[in-house]
Structure formats: C-alpha cells, structure tokens
Amino acid sequence: MTTETITQDIPALQVGGYTLQNRLIMGTGGITDLEALEKALVASGTTLTTVAMRRYSPDTKTSVFSMLERLGIDILPNTAGCYTVKDTVLTAELAREALETDLIKVEVIADEHTLLPDVIETLEATEQLADRGFIPMVYTIDDPATALRLENAGAAAVMPLGAPIGTGLGILNPHNIELIASRANVPVVLDAGIGAASEAAQAMELGCDAVLVASAVTRAQKPTAMAQATRRAVEAGYLSRSAGRIPRREHAQASSAFEGLINPVEELT
Amino acid sequence: MLTVSINEEDVKLPEGATLVDAVAHLTGRELNADGTPVDGGRLGVAVAVGSAVVPRSRWAATELTGGEELEIVTAVQGG
C-alpha cells in the first residue's frame, strides 16, 4: 500500500465551518531561512499554517503571507503576544481583516517566561470571539475541566498543550490529554511541547484529532526530514488509534500455542 | 501637509489624504480606491485607528485630519 493510499483513508476534520484536510497543522516561527521553511511546509503536507500579526515593517513586508498564498496553504492567524481579552479581540479583528479568514488561534498568555495560557482571559476572549463570528481554535492548559468550559464558551477546537511552548518535552500528562479527547464534542488539537515525531503519533493515539507543530520541525537540525517524519507520525497515530490497541496486561500472554510442543531435551550433566 | 502616527512613527501626508494613501505610503504599493493592490494579489494588511479596526471597504472614505494614531499590521512568521 502506498503512502498516498493510506493518507486517503484519513478523513478530513471539520472545525466549525472549516474543513481541515490534513491533520498536521504547522507553525512558521523559529526559522529564519524562508526557503528552508517552504521546503519543510511542503514536506509536512500541511494545509493549515499559523502566522502571527505584527506591525507592518518595510523590512518584513508580507513574505510569509505571499509564500503561503503561493503554496495554497490556508492561514491560521494567532494572537500570540496577547495578555488581555481586549488585545486578543483587537488582534483577531485585525487578522480577519488582513487575511480574510474567520479562523483564529486564540493564544492568551500569562507571562513571557512560561508562555503558559491565562485561562481566565482565554475563556472570556473565546466567548467574545465566538460571538463575533470567529472560528476560535483555543490554546489552553492540559486540564479537562477548562477544555469543557472553552467548548461551552464557543471554541470550535480546543488545543491543549503537551508541554510549554518550544520546550520539546513531549506530552507531560498523557492521561489528561486522553481525558480531554474522550470528553470533547469539538476537535482536540495537541498544541505545543512536541519535540519529535513519535510524540505526534502518541497525541493521535491518545485520541487527539490533529496536531500542531512548530519548533519541533523549524528548529530541528533537518527541518524537512522532521516535517516528513511528523506527517507520517500523525498518519500512523491516527491509524493506530482507529485500529484499536490491545488492552494492557499484568503478565505475558503467549502468541504461540503450547500444544504440540516437542518433549524437552533431558538436561546434560 | 498633515501628520499622522503610523506604527508609532510620525508620517507626513498631503492634505485630504485617506487611509488608502496612508497604507500605500507605508507599503510602497500602488492601491486602487477599494484598497486592493493595482498589481493584483492580496495586500494582507489591516488598519486600526485609535484601537478600532477600519475595514478595507471604508479606507477610501476615511479622510485623515492629522494627529490620528494608526496601526497597520500584517502576517509574520509565528506560532
């Protein structure tokens, strides 16, 4: 079976009114070489990629925007750098106007050292953005209760962190991620913390619907290779999850029958 | 001439200038009256005046009088 055939077995994901074709969402931060970024994005197969909103400067111009347009990759603007509801809503409105999309990755952080989400502000921002017709995909802590609150506030997807942004520590609390995924009525996207492809597969096996990866690819020694690995890991994780894992057991269970065994050879003395 | 602040830098624009002129000045691209680039494609920028987003459809009708504080943003790498 070719990779293409397997990929076709993985259905698209509905996020609010948006159809996510590929379950690997990519970030664009953490890499200075735009050409290398482009290669990595193409290798990842991603159809949705995040950008941040910043003041227009003649130096930065609109290079990322043009590149994503040229590659036909949909844009997921984030509200990175926002600390308050007010800043988050304004940033989202600017993103919608500039990029002509209702998608918004809601990211309200508590402080710049941990970059952990401020869930109180996040909850309020989510409610306001949903009211304003956005499709909020909400970065949050790995807490099942908070995930449900966000869903009820209008989140189109909840995006719990595996570990703090950029740490590459993997999924620190797999039990909570699994619990969030099992109880959510909206898609769950594992966001932040992934360091290697295997952890993307693990996220999918735990029941996440998609994975967002930035640093793990863009800061890898070979971004293109890690992009390809992560793409396959997401596919593998999805298929593994849907295949149904065996239950965990205390003791070994032989897979070869004991019947018909030859007589043991007498021990030589 | 009138002076407005664009991304916290003072910029002089001719009397009667609108938001279309301000955006064209900053981006260095020629714009149609509806705010789209003359050379085609999408501009990918948004404008806020005093913390309120002004949709592109209203740029041409928004005349500047001087002293306004404009934020003009675009997508950059991130996330």
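Visitor: Which residue stands opposite Met53(A)?

Guide: Strands are runs of E of at least two residues in DSSP, and helices are runs of H or I of at least four, both numbered from the N terminus. Two strands pair if DSSP finds at least two bridges between them. Here Met53(A) faces Ala75(B), which belongs to strand S5(B). The two strands, S4(A) and S5 of chain B (residues 69-77), run antiparallel and are joined by five bridges.

Visitor: What kind of model is this, and how are its parts labelled?

Guide: The model is predicted: local features need pLDDT of at least 70 and side-chain atom pairs count only at pLDDT 80 or more, while totals for chains, interfaces and linings use all residues. Residues are numbered from 1 along each chain as its sequence is written, chains are lettered from A and ligands numbered from 1 in the order in which they are written, and side-chain values use heavy atoms, with hydrogens and water left out.

Visitor: How many residues does each chain bring to the contact?

Guide: Contact means heavy atoms within 4.5 Å. Chain A gives 27 residues and chain B gives 25. In terms of area, the two chains bury about 2500 Å² between them, with 57% of it on carbon and sulfur atoms. Buried area is the accessible area (1.4 Å probe) that two parts lose on being put together, summed over both. On the chain A side, Arg55(A), Tyr56(A) and Glu97(A) lose the most area to chain B, together 30% of what that side buries.

Visitor: How many salt bridges cross the interface of chain A and chain B?

Guide: A salt bridge is a side-chain nitrogen of Lys or Arg within 4 Å of a carboxyl oxygen of Asp or Glu. By that rule there are five across this interface. One of the salt bridges joins Arg42(B) to Glu100(A), with the closest N and O atoms 3.8 Å apart.

Visitor: Which elements of chain A supply at least two residues each to the side that touches chain B?

Guide: They are helix H2 (34-44), strand S4 (48-55), helix H3 (63-71) and helix H4 (85-99). Sorted by class, that side of chain A has 14 nonpolar, six polar and seven charged residues. Ala, Val, Leu, Ile, Met, Phe, Trp, Tyr, Cys and Pro count as nonpolar, Asp, Glu, Lys and Arg as charged, and the others, Gly among them, as polar.

Visitor: Now chain A by itself. How many helices and strands does chain A have?

Guide: Chain A has 10 helices and 10 strands. Its C-alpha atoms fill a box of roughly 85 × 40 × 35 Å along the principal axes. Of its 269 residues, 48% count as buried. Buried means under 20% relative accessible area, exposed over 50%, and partly exposed in between (1.4 Å probe, protein chains only).

Visitor: Is Thr79(A) buried or exposed?

Guide: Thr79(A) is buried, at a relative accessible area of 0%. This residue sits in the loop between strand S5 (74-77) and H4 of chain A.

Visitor: Where is Thr122(A)?

Guide: Thr122(A) is in helix H5 (residues 119-131) of chain A. Thr122(A) is buried, with a relative accessible area of 1%. Apart from neighbours within four places in sequence, its contacts include Val106(A), Pro117(A), Tyr139(A) and Leu150(A).

Visitor: Which residues of helix H8 of chain A are buried?

Guide: In H8 (residues 197-205), they are Ala197(A), Glu199(A), Ala200(A), Ala201(A), Ala203(A) and Met204(A). Their cover includes strand S9 (189-191), strand S10 (210-213) and helix H10 (223-243) of chain A. Just after H8(A), Gly207(A) has a positive phi of about 110 degrees.

Visitor: Which residue has a positive phi although it is not a glycine?

Guide: One case is Leu115(A), with a phi of about 55 degrees. Leu115(A) lies in the loop between strand S6 (103-106) and H5 of chain A, and is partly exposed at 26% relative accessible area. In chain B, Ser51(B) is also not a glycine and has a positive phi of about 70 degrees. Ser51(B) is in the loop between strand S3 (45-49) and strand S4 (52-54) of chain B, and is exposed at 54%.
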